[in-house]
Amino acid sequence: MNENPTGKDYVGSDDLYADVQRTMQLAAEMNTGWHTEAEVRDYLREITGSEIPDTVRVFTPFHINYGRKTTFGHDSFVNFGCTFLALGGITIEDGVFIGPHCVLATEYHPEGPATRHSLLTKPIVVKRNAWLGANVTVLAGVTIGENAIVAAGSVVTKDVPDNMVVAGTPAKVIREIRISEQ
């Protein structure tokens, strides 16, 4: 594994490949048939190798390729059909809502043809009480701010400030959140 200024190069890592295969097998088992919320959390505990709070809810199918750097905060919710490409690490803080069919991709490839087969990573952080609408894509290295809302169908390429609504491709700040709404 070579250190890169823009991430980590994972090409040729047999140990990592074995972990990815194990994670994908567990995810496939989790997505087969019907499982209770508690059983899904048990799968997630095995996938991540860490504690998953009993208040976490993840609807299947849920796809993840590497769980060891993925954390879920209390009262977080991930709707069905989401995909986490998680080699770079994904942090889901307390109270986060993630809509259906979202993609969080910590992995990317260099632009240059000679190095394009390298796999680079940067972490994604979704801070407390943030909400990702349906079909949102969050790219490597992005932090979604506390209480932020990402509108459905947006592609997030840059950090989202706390308490802001963003929308579009690429996502841009639309306005501040209206805290007083009921």
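Predicted model: local features only at pLDDT ≥ 70, side-chain atom pairs only at ≥ 80, totals over all residues.
View 1. Leu-139 belongs to strand β15, which covers residues 137-139. Setting aside neighbours within four places in sequence, the contacts of Leu-139 are Ala-105, Ile-124, Val-155, Val-156 and Thr-157. Ile-174 is 35 residues from Leu-139 in sequence, and their C-alpha atoms are 19 Å apart.

**View 2. Helix α1 and its two faces.** Helix α1 runs over residues 14-30 and has 17 residues. From its first C-alpha to its last, α1 reaches 24 Å, close to the 24 Å expected at 1.5 Å a residue. Its buried residues are Leu-16, Val-20, Thr-23, Leu-26, Ala-27 and Met-30. These residues lie on the same side of α1, because they cover an arc of only 130 degrees around the axis. The face turned away from the buried side carries the exposed residues Asp-14, Tyr-17 and Gln-25. Among the elements that cover the buried residues of α1 are α2 (37-48) and β4 (62-64).

View 3. Helix α2 has 12 residues. The span of α2 from first to last C-alpha is 16 Å, close to the 16 Å expected at 1.5 Å a residue. Val-40, Arg-41, Tyr-43, Leu-44, Arg-45, Ile-47 and Thr-48 are the buried residues of α2. Their cover includes α1, β3 (57-58), β4 and β5.

**View 4. The nonpolar cores.** The largest nonpolar core has 36 residues. Within this core, the residues with the most contacts are Phe-62, Phe-72, Phe-84, Leu-104 and Ile-144. At least two residues of the core come from each of α1, α2, β4, β7 (82-85), β8 (90-92) and β13. Helix α2 supplies the largest share, 4 residues. Another core, of 5 residues, lies apart from the largest one and includes Leu-16, Val-20, Tyr-66 and Leu-119.

**View 5. Ile-144 and the four-stranded sheet.** Strands β5, β8, β13 and β16 form an open sheet of 4 strands in the order β5-β8-β13-β16, with parallel pairing. Its edge strands, β5 (70-72) and β16 (143-144), each pair on one side only. Strand β13 (residues 124-126) runs parallel to β16 and is joined to β16 by 2 bridges. The bridge partner of Val-126 in β16 is Ile-144. Not counting residues up to four places away in sequence, Ile-144 touches Val-125, Val-126, Lys-127, Ala-130, Leu-132, Val-138, Val-150, Val-156 and Val-160.

**View 6. The seven-stranded sheet.** The 7 strands of this open sheet follow the order β3-β6-β9-β14-β17-β19-β20, and their pairing is mixed. At the edges stand β3 and β20 (172-176); each has a single partner strand, so one side of each is left without a neighbour in the sheet. Strand β17 (residues 149-150) and strand β19 (residues 164-167) run parallel and are joined by 2 bridges. In this pairing, Ile-149 stands opposite Val-165, and Val-150 has Val-166 as its bridge partner.

**View 7. The hairpin of β19 and β20.** Strands β19 and β20 pair in the antiparallel sense over 4 bridges. Met-164 stands opposite Glu-176 in β20. The hairpin has 4 residues between its strands, and Gly-168 takes a positive phi near 105 degrees there.

**View 8. Cys-82 and Cys-102.** The count of disulfides is 0. Cys-82 is in no disulfide, and the nearest cysteine sulfur, that of Cys-102, is 4.8 Å away. A disulfide would need the two sulfur atoms within 2.5 Å. Cys-102 is likewise in no disulfide, with the sulfur of Cys-82 as its nearest cysteine sulfur. Cys-82 is buried, with a relative accessible area of 0%. Cys-102 also counts as buried, at 0% relative accessibility.

Terms used: Residues numbered from 1 in each chain as written. Heavy atoms only, no water. Buried < 20%, exposed > 50% of the residue type's maximum accessible area, 1.4 Å probe, protein only. Pairing = 2+ DSSP bridges. Expected span 1.5 Å × (residues − 1). Arc of directions from axis to C-beta. Contact = heavy atoms within 4.5 Å. Core = buried A, V, L, I, M, F, W, Y, C linked by side-chain atoms within 4.5 Å.
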